[in-house]
Amino acid sequence: MLKFQFEPTFVILSILALVAVSTVFFLGLILMRSYIEERERTRQLKIQEAKYQSLFFNNPDCIISFDAAGNFLNGNGKFETLLGYSMAELREKKFLSYIKEEDQEIVWNHFQDALEGKGSESIVKAVHKDGHTRVLKIKHIPISNDGKVEGLYLVIQDITETYTIAEKLYRTNEKLQSFFQSTSDAINITDLNSIIQYVNPAFETMFGWTKEELIGKKLPIIPASWRETSHILERKLLNGEHVTNVETKLQRKDGMLIDVSLSISPLKNEKGDIEGFVAITRDISERKQFAKTLQENKAKYKLVTENMSDLVSLLNVEGVFEYVSPSFEKILGYPIDILQGKSAFELVHPNDLNRIMNLFSKFLKKKKPATTRFRYRHRDDFYIIIESHAVPLFDEKGNLQHILVTSKDIGEKVKAEQALQESKQKFHLIAEHSSDLVRIVDKAGIIQYASPSHKTILGYEPKELEGRPLLDIIYPEDVLLIQEKLRHMEKRHVLQYRTITKHGNYIWTESHTSSIFDENGQFLHYIAVARDISERKEYEEKLKQMAFYDELTGIANRRFFQEQLIKQIEQAKQNNTRFALMYLDFDRFKWVNDVLGHDVGDELLRNFVTRLKTCLSESDIIGRWGGDEFTVLLSRFQAKEEVAQVAQQIIQSMRIPWHIKDHEFIITSSIGIAFYPEDGQTIDELLSHADQALYQAKAEGRSKFYFYEKSLSNNMQRLLLLETHLKQALEQKAFHLVYQPQFELATGKLTGAEALLRYTHPTLGAISPMEFIPICERLNIIDEVTEWVLQEAAGQLKEWKEKGLHIRMAVNISPLNLENKTFIDKLVSIFEENDCDLHDLELELIETALAKSIEEVSKVLERLREIGVRIALDDFGAGYSSLLYFKDFPIDKIKVDRSFVKELPKKERDIAIIDSILLLSKRLGIEVICEGVETEEQASYLRMLGCKFAQGYYFSRPLTNGEFEDKYIATTAK
């Protein structure tokens, strides 16, 4: 046997080799297992990816993915089904472009929330490719990886149909709610335990409880006496039956029971189970009361019939009595039982029988009420004269069924008629020999009798007039007056009118007219006794002429103009024509009287009328309404434009300077115009509306005319509100100032500020100065308002000066302020109190302030300049600018109206005007500032033209004192 001997080194190496081989083997096993597991994970991922892709692309909802930057990544193709656009089109445009504009911000905000990791949902409207609107529900789902948002999904559903149904359901509910709220029937809803769930307003009104007192409480309107019946009805309702029109009594909060008609229906849920009741209650108290009253009236009628003195009977179509009243026995002596069933004709006098039978036959054919007289036999065999009135009574099919006959004994009446006949004979005897005109006229206005004196006075034979209408011999202009008088005449009346003679001329007559009535108070006719009063009328007319003309101007006074206006209205009604009423007055007449004297004022009125006549035709009527107010009646025109031409001619003529007693001044006129019949059909309406139009003309700047519009009536309501509050505005601190800065164009340096008055009404809000300043002037409070503005402006100047801001303050004043003799003294006092320099004040005047007495206004302005105040002419070029202003007045600055700046530099005409103003002002040493500068282009162009100063919204809007200080004091002070 061989023995091997191993070296230790060999053994160690062998062991190491064995370990290495084992290690490699096991590492191979691990790697193989890892590979197998990786392949399984990959396979699972592919399965998950396939599931995801299947879910993504086969999902019925539209799914779109975006990265974190908001860029489109992918979509499942349902977008084309949803809105009609392909995926390619979706990639080309932003997703928001498919959303309706008003909802884009909603989608964007939810998009941003999702990118911040917040999932959300929104409902928005989008536009389909075919133009229709679709309603979408969008879920915004963030895509996160390790807590970081890498993008988002939008899951979009089309809910248009659901949304539409919901909207329809909402509108239906709104209609139902509207019905519940507006119906006069009381409606309440209760649950199965009679707990109230809902009541409408009518329920509250009908029963006296408020909704808050009822909801959640037991129904309190069922009285104890009706509870058993209510339980029976409840059982019917629980069986699904409806209860309709049950009449009962229900109880109000005050304990009173009211008659109602009640209908109740069960309310079912979606499963068909009854869960409550709805009741509709109608108040039938009035109907019940009416039925009760009707029954009482029937009883009263029977009582009256049984006790009346007239004969009341009911005949059948054969003329047989079916009913006779007890009065038959009292008047004719026949008991009721004897007459019932007998022919009514048996009692008629033989000589009247045929006539009555014929009348009865005609009555049966015509079936219309009829009245006649005949004799009826008394039971004691004598006859009485009766007057019977027959009325047909029909059944429900319209067939004549009965005749109701009421008769009365007229024996005494007949005697009275005979006496009347005798009286007529006596009347004729007197009338035939009277020198007055005696006539009888019936209700229709037909002359029934004319006395012989008509031949002597009017030239008519009596027979020529009898049978003719009285109005045939009435002067046409008096016809309406006579008709009106007779229509409202009582028993006696004295009428004066013109009567036409047979020769065609007319005389004035005074007629004492009496209405004659029968014993029942029924009108019979008029008796008129008239006499010739022509001489007296002529004398009265002379007195009237003296009384009806204005002594100063010689034109119609107020009373006479009113008469003419009345006649014009009557003629316009009769002839279906139009006419115009002008209402005029002076713009500043009070100033003439106060400053120049009443002699000048009187002469101005006379000259005014002279000028006015040159603008009118001879047929136009001028009246002095009072003071400086005049009215003009224009009746001959074809169109509204012709009236406008006349008004404009008047306006132009009044703008010519007046030269009266060494005074030269401009006083213009304003005109309000109303038309008949469209603006009024009475004197009061026409005058009121013309006056409103006059007020509007003055409000729009004076020296204008204005046609009445219906909206002016509403404006007058607004005017009353403003007038009432403006009187207290200073006390209630309703005024405040804002300041618009003025700049030097070349340097941009702040040079001044214009103080602008603002007014706020407690209900109407902020009011334009163009509206409230004229009202202040008319209310004579403009001096107090201006004094307040100056006080505020001076105080602000002082405050800014103390804070290092030295600028000039421009203040607008009214033309009326210059007429106040104490204005300058108060101005000086205010600036001294505030330790302000008057050289820092600039007063802005509009052109109309200068268009008065040139001499007087010039003196006031010179004195203002002497004390250091600068004068600026505001809105230059907007009115009737005159170079005389520069010649006669001490003007330091002109403000070019914004209308010339607005179109710069587009309009060559505006450029030429501004250039001319700048050239002229430079030669005269007058500063120019342009207002209304709103763009950089305008500012640059004005600077190029050589304009030195400007203001407008380009630089700054008007600012409060605090805003002004914040914006300008810090920089300017430095």
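Five strands, in the order 22-23-21-26-27, make up an open sheet with mixed pairing. Strands and helices here are DSSP runs numbered from the N terminus, a helix (H or I) having at least four residues and a strand (E) at least two. Two strands count as paired if DSSP finds at least two bridges between them. The edges are taken by strand 22 (621-626) and strand 27 (705-707); each has a single partner strand, so one side of each is left without a neighbour in the sheet. From one strand to the next, the twist averages 20°. Strand 21 (residues 579-587) and strand 23 (residues 629-634) are antiparallel and share six bridges. Asp-585 has Glu-629 in strand 23 as its bridge partner.

The model is predicted: local features need pLDDT of at least 70 and side-chain atom pairs count only at pLDDT 80 or more, while totals for chains, interfaces and linings use all residues. Residues are numbered from 1 along each chain as its sequence is written, and side-chain values use heavy atoms, with hydrogens and water left out.

## Helices against this sheet

Helix 20 lies across strand 21, strand 22, strand 23 and strand 26 (668-676), and runs at about 145° to strand 21. Such angles run from 0 to 180 degrees between N-to-C directions, and axes are lines fitted to C-alpha atoms, for helices over the stretch in contact. Helix 22 (residues 683-699) lies across strand 21, strand 22, strand 23, strand 26 and strand 27, at about 145° to strand 26. In the loop between strand 26 and helix 22 is Pro-677; the peptide bond from Tyr-676 to Pro-677 is cis, with omega near 5°.

Helix 20 (residues 598-614) also meets helix 19 (residues 589-596): their axes come within 6 Å and cross at roughly 140°. Helix 19 contributes Phe-589, Val-592, Asn-593 and Leu-596 to the contact (heavy atoms within 4.5 Å). From helix 20 come His-598, Val-600, Gly-601, Leu-604 and Leu-605. By class, six of these residues are nonpolar, three are polar and none is charged. In this scheme Ala, Val, Leu, Ile, Met, Phe, Trp, Tyr, Cys and Pro are nonpolar, Asp, Glu, Lys and Arg are charged, and the others, Gly among them, are polar.

Another open sheet has five strands in the order 12-11-15-14-13, with antiparallel pairing. Strand 12 (321-324) and strand 13 (370-377) are at its edges, each with a single partner strand, so one side of each is left without a neighbour in the sheet. Neighbouring strands are turned by 30° against each other on average, direction ignored. Strand 14 (residues 383-394) and strand 15 (residues 400-409) run antiparallel and are joined by nine bridges. Helix 12 (residues 350-366) lies across strand 13, strand 14 and strand 15, at about 150° to strand 13.

## Helix 24 and the residues that follow

In helix 24 (residues 769-778), Phe-772, Ile-775, Cys-776 and Glu-777 are buried. Buried means under 20% relative accessible area, exposed over 50%, and partly exposed in between (1.4 Å probe, protein chains only). At the start of helix 24, a side-chain oxygen of Ser-768 reaches to within 3.1 Å of the backbone nitrogen of Met-770. Asn-780 is in the loop between helix 24 and helix 25 (782-802). Its phi is near 60°, a positive value in a residue other than glycine, and Asn-780 is exposed at 55% relative accessibility.

Asn-817 lies in helix 26 (residues 815-819) and is buried, with a relative accessible area of 0%. Leaving aside residues up to four places away in sequence, Asn-817 touches Ile-782, Asp-783, Thr-786 and Phe-823.

## Further loop residues

Asp-837 is in the loop between helix 27 (823-833) and strand 32 (841-845) and is partly exposed, at 36% relative accessibility. The side chain of Asp-837 makes a polar contact with the side chain of His-839 (2.9 Å). A polar contact is a pair of N or O atoms within 3.5 Å; within protein, one must be able to donate a hydrogen and the other to accept it, and residues adjacent in sequence count only if both atoms are side-chain atoms.

Asp-662, in the loop between strand 24 (658-660) and strand 25 (663-665), has a positive phi near 65° and is exposed, with a relative accessible area of 82%.
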